[in-house]
Amino acid sequence: MSDTGELKSIELPENITVRELSESLQTSPIEVIKTLMSNGVMANINQQVDFDTAAIVAAELGFDATPLIVEESLEDSAEIPLWRQWIARENPEKLSVRPPVIGILGHVDHGKTTLLDAIRQADVAGGEVGGITQHIGAYQVEHKNRQVSFIDTPGHAAFTAMRARGAQGADIVVLVVAADDGVMPQTREAISHAKAAQVPIIVALNKIDRPNAVPDQVKQQLAEVDLVPDEWDGDTLVVPISAKEKQGLDDLLEAVLLVADNNEILANPEGVTFGTVIEASHERGRGVMATFLVQNGTLKVGDSVVAGQTSGKIKAMFDFKGDKIKEAPPSTPVSVMGLADIPEAGEIFRVAKSTKFAREIVDKRKQLVADRAVVAGSALTLEELFARVQAGEVKELRLIIKADVQGSLEPIVSSLKEMDVEGIGVNILHADTGNISENDVMLASTSEAIIIGFNSKPDSAARRKADIEKVSIRSYDIIYRLTEDIDKALKGLLEPERRESTVGRANVLAVFGASRIGRAAGCRVVEGEIRRNARVRVIRGEEAIFEGEIASLKRHQEDVREVRDGFECGIGLKGFNDFEEGDVIECFTIEMVKII
C-alpha cells in the first residue's frame with residue numbers, strides 16, 4: 001500500500017498463474033502463496049487462479065485490481081488505421097517526434113528498387129530476379145543526423161494488403177515515375193491506393209538523365225491526376241532524380257523530412273509497444289523470422305508478442321544490417337526470432353504482458369475469425385452503402401470507375417463529381433480504362449467501395465476475388481443509366497441489384513457429337529463445381545462468347561446434378577454447340593438484392 005494509504009491500480013486477466021500474479025504485483029511468489037493460504041486457497045507457483053481470487057490477493061498487497069480487456073475490436077474504425085487509433089490513446093505529454101516511414105510505390109521498371117539501392121548504398125537490385133522486387137523489406141538511413149525508414153514493397157497490392165488488416169506501414173509515399181515513360185496505368189493505381197490510405201505523396205521523377213526524358217510533359221500528366229507540382233502552385237513536391245546516377249537523392253530526402261515535419265509523425269517510446277509485420281518466413285536452423293516495423297513503444301528481447309493469429313517470445317533481434325540488438329524504438333525496422341507461426345504481412349503486432357496471455361489473445365482471435373467466417377456477410381451494395389450513409393456511418397459513396405475508353409471515362413467522372421444530395425457526395429478513389437482487375441477489387445475491399453464498369457468487365461481473377469472479398473461490381477453500357485443509379489443510391493431510391501457469384505470453372509478438353517443436343521464438351525472441373533441448375537458462360541481467351549443454361553451434365557454416361565473440382569464430365573448447353581478445345585465454361589448464379 002502507498003504511503004498515503006491509497007491502493008495502486010492494476011489490471012488483471014480472467015485467469016493468471018501464481019508466478020504471473022507475483023510479477024504483476026512486484027512481489028515474490030512465496031508472498032502470494034502465503035496470502036492465498038490465509039484466504040483458504042492452496043495453490044502452487046504454476047497453478048492458475050481466477051480474477052476474483054487474484055483481486056483479493058492484490059487488495060491485501062496494496063493494489064486495486066480491475067478486469068483487463070483482453071482484446072479490443074479487430075477493426076475499431078474503417079476510416080483510421082488501428083495503430084493511429086492506439087497512438088491517439090497515448091498521453092499527449094509523452095508523445096515525441098519519431099522518424100518518418102516511407103513507402104515506395106510506382107509502375108513496374110520505373111526504378112523503385114534502384115532508388116532504394118542508391119539511397120542505402122547496397123546492391124539489392126542486382127540480386128533481384130529480372131530486376132523486379134520479389135520480397136518486402138524495411139531499411140533505415142540517416143540524413144542530416146535524422147533517421148528515415150523505408151519500406152520496399154512489391155507494389156501497391158502489398159501496400160493495400162496492409163491496410164486491409166488495419167495497419168498502414170507508411171507515413172509518406174514516394175511515388176517513382178520515370179521521366180521518359182510518364183504516368184502509366186500502375187502509376188494511377190498506386191496514386192489511388194496512396195490517396196485511399198490518406199498519406200502524403202512525394203513524386204520522385206526518375207531517369208531525368210536519359211536523352212528522351214520529358215519532365216515537363218510528365219508533370220502535366222501528374223497534374224491531370226490531381227498531383228499538381230508545387231512549382232505550378234500545387235501541393236505535390238516533384239523531385240527530379242536519377243537513381244542510377246545517384247543524382248537528386250539529397251533533394252528527395254530533404255523533401256521527405258519537410259513533409260514529415262508538416263505532418264506531426266509522433267509516438268510514445270515508453271508507451272504500449274506495437275507496430276506492423278512487414279514480412280515473415282521460416283528459416284532453417286532459426287525457425288520463424290519476422291520483420292517488424294515498430295510504430296510505438298520500444299520492442300525488447302524477451303518481450304511476449306501477439307501478431308495476427310500467432311504469438312511468441314522474442315529470443316533475438318537484428319537490425320536491417322543483420323547486427324544483433326536488444327531493443328528497437330519507434331520507426332525501427334527489426335528482424336525478430338521466436339514466433340510460433342508465420343504471421344501475414346500487414347498484420348499488427350503488439351507486446352503482451354506474458355506468453356500465456358499472448359496465447360489467450362491468439363485463441364480469442366482465431367475463434368473470432370472462425371465466427372465471422374460462419375456469418376460472413378454479402379457484398380456491400382449501393383443500397384447498403386446508402387443505409388449506412390443515412391445512419392451517419394459513412395459520409396460519402398466511394399466508387400472505383402473502369403471504362404473501355406478515355407472518351408467514356410471523362411464524362412462519367414465529371415458527372416459523378418458534381419453529384420451531391422443533402423451533403424452526401426461521391427468520392428472516386430480510382431478511375432481508369434481497361435478491364436476490372438484484381439487490384440481494383442482489393443482497393444474496393446479495403447476502402448468499402450463499389451466498382452462501376454462501363455463497357456468494362458472483371459477478368460476471371462477479379463471475379464473470383466470479388467466473390468471472396470464480397471465486393472459489389474455493377475456494369476453499365478449507357479452513361480445516363482450509370483449516373484441515374486448513383487443519383488438514386490444517394491437518394492435511397494435504387495432498384496434491386498443483379499448480383500452474380502461464380503460457382504465453378506471447367507476446362508474443355510475435347511468436343512464430341514451428342515445425338516440430342518448436337519455437340520457436347522468433354523471437360524475437367526478445375527475450380528468449385530459445375531451445377532446442372534446454374535447459368536454458365538463460355539469464355540474463349542479473355543472474351544465471353546456465350547451465356548445461357550446447361551442442357552446436359554453427365555459423368556460416366558449418367559445424368560448428374562453437379563460435378564466437383566478434379567472430376568471430368570460431359571457438358572451440353574442450350575442454344576450453343578460451337579465448342580473448341582481450350583474453352584473455359586464458367587458456372588455462376590444470379591441473385592436479385594432487394595432494395596432497403
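1. The chain contains 15 helices and 34 strands. The model is a predicted one. Of its 596 residues, 50% count as buried. Among contacts in the chain with a separation of 6 or more, 70% come from residues 24 or more positions apart.

2. Where is Lys195 placed? Lys195 belongs to helix α7, which covers residues 185–196. Its relative accessible area is 36%. Buried would require under 20% and exposed over 50%, so Lys195 is partly exposed.

3. In sequence, 235 residues separate Lys195 and His430. In space, their C-alpha atoms are 9.3 Å apart.

4. Helix α13 spans residues 438–447. Seven of its 10 residues are buried, so helix α13 is largely enclosed by the rest of the structure. The buried residues in α13 are Asp440, Val441, Met442, Leu443, Ala444, Thr446 and Ser447. Just after α13 comes Glu448, with a positive phi of about 55°.

5. How do α7 and α13 lie relative to each other? Two packed helices are described by the angle between their axes and the distance between the axes. Here the axes of α7 and α13 come within 11 Å and cross at roughly 10°. Angles under 35 degrees count as roughly parallel, so α7 is roughly parallel to α13. On the α7 side, the contact is made by Glu189, Ser192, His193 and Ala196. On the α13 side, the residues are Asn439, Asp440, Leu443 and Ser447. Sorted by class, this contact has two nonpolar, four polar and two charged residues. Two of the α13 residues in this contact that can be picked out are Asp440 and Leu443, and both are buried.

6. Strand β22, residues 396–403, is mostly covered, with seven of its eight residues buried. Which strand pairs with β22, and in what sense? The partner is strand β25, residues 450–454, and the two pair in the parallel sense over five bridges. One of the residues involved is Ala403, whose bridge partner in β25 is Phe454.

Technical notes:
Residues numbered from 1 in each chain as written. Predicted model: local features only at pLDDT ≥ 70, side-chain atom pairs only at ≥ 80, totals over all residues. Heavy atoms only, no water. Helix = DSSP H or I, 4+ residues; strand = E, 2+ residues; numbered from the N terminus. Buried < 20%, exposed > 50% of the residue type's maximum accessible area, 1.4 Å probe, protein only. Axes fitted to C-alpha atoms, helices over the stretch in contact; angles between N-to-C directions. Parallel < 35°, antiparallel > 145°, perpendicular 65-115°, else oblique. Contact = heavy atoms within 4.5 Å. Nonpolar A, V, L, I, M, F, W, Y, C, P; charged D, E, K, R; others polar. Pairing = 2+ DSSP bridges.
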